[in-house]
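Biologist: Could you walk me through reading strand pairing and aromatic contacts in a model like this?

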Amino acid sequence: MSVLVKSVQVQNNPSPFSSPFSFIITTECISQVKDDLEWKLIYVGSAESEDYDQVLESVLVGPIPLGVSQFVFEADPPNPERIPAADIIGVTVILLTCSYKGAEFVRIGYYVENEFTEQELRENPPQQPPIDKVQRLIIDSKPRITVFKIPWDDGDTFNFSEFERENARLTSEDLKGEEIPIFDEKKKEKLDEEKERAEGNVPEEDIGTEDEEEEEEDEEDEDEELSLIHIS
């Protein structure tokens with residue numbers, strides 16, 4: 001996998017329904033990619049039909065430098081006229097996706113709770129909700145992450161066997177803070193080494209040397225500076 005999503009931070013949360021969405025996204029490019037990445041934000045207007053889905057923003061980000069980079073992704077709010085009145089208030093979903101050469105490789109879903117700001121409206125909701133009285137809350141403590149297998153420039157695809165086990169252990173802090181545990185080549189090498197070690201195929205002196213090299217690489221990663229790009 002050439003690009004990893006390390007973190008996504010939701011901004012301005014909670015906020016009025018009509019305010020823009022804003023995310024700070026951190027990625028890591030571990031091998032050179034030739035084309036731009038396409039980021040999209042989709043608002044699910046109704047669980048009954050995809051016809052009510054709205055693509056709030058679609059932007060191309062690139063060229064992607066090797067290493068860690070960060071950008072701000074902003075999107076307009078959904079058009080309430082394209083949402084069934086009965087579905088404006090309540091819980092829905094937004095989908096943050098990223099694609100390469102038209103192939104989606106990561107999707108991050110968040111539940112969104114829309115509710116009235118006034119108690120009287122909560123107790124006696126009108127048939128047509130007044131949008132200026134609606135507040136949006138993105139439940140960023142429980143994101144749902146899905147990674148898809150795609151071909152990158154070198155033709156390699158993604159091995160899911162270990163990722164699926166790691167994805168099952170995701171916690172709320174993975175997207176809000178440090179690195180999302182997405183499987184990459186370095187992790188694959190480490191898992192292979194542990195397997196060989198368990199089978200007795202790795203000499204003890206080699207184990208110590210490799211561990212020290214990994215620690216040095218981790219320290220170098222921590223020293224990397226983030227480049228900030230503003231996307232809106």
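Biologist: Which residue in β3 is the bridge partner of Val-10?

Modeller: Two strands pair if DSSP finds at least two bridges between them. In β3, Val-10 is bridged to Phe-23. Seven bridges join β1 (residues 3–10) to β3 (residues 21–29), and the two run antiparallel. Strands here are DSSP runs of E, at least two residues, and helices are runs of H or I, at least four, numbered from the N terminus. This is a predicted model, numbered from 1 along each chain as its sequence is written, where local features need pLDDT of at least 70, side-chain atom pairs count only at pLDDT 80 or more, and totals for chains, interfaces and linings use all residues. Side-chain values use heavy atoms, with hydrogens and water left out.

Biologist: What about β3 and β6, how many bridges there?

Modeller: Nine, again antiparallel, with Glu-28 opposite Val-68 in β6. Eight of the nine residues of β6 (residues 67–75) are buried, meaning under 20% relative accessible area with a 1.4 Å probe, protein chains only.

Biologist: And why does the pair Tyr-100 and Trp-152 count as stacked?

Modeller: A pair of aromatic rings is described by the distance of the centres and the angle of the planes. Rings of Phe, Tyr and Trp (its six-membered ring) pair with centres within 6.5 Å; planes under 30 degrees apart are stacked, over 60 edge-to-face, the rest tilted. The count comes to five aromatic pairs. For Tyr-100 and Trp-152, the centres are 5.1 Å apart and the planes at 25°, so the pair is stacked. The two residues are 52 residues apart in the chain, and both are buried.

Terms used. Buried means under 20% relative accessible area, exposed over 50%, partly exposed in between (1.4 Å probe, protein chains only).
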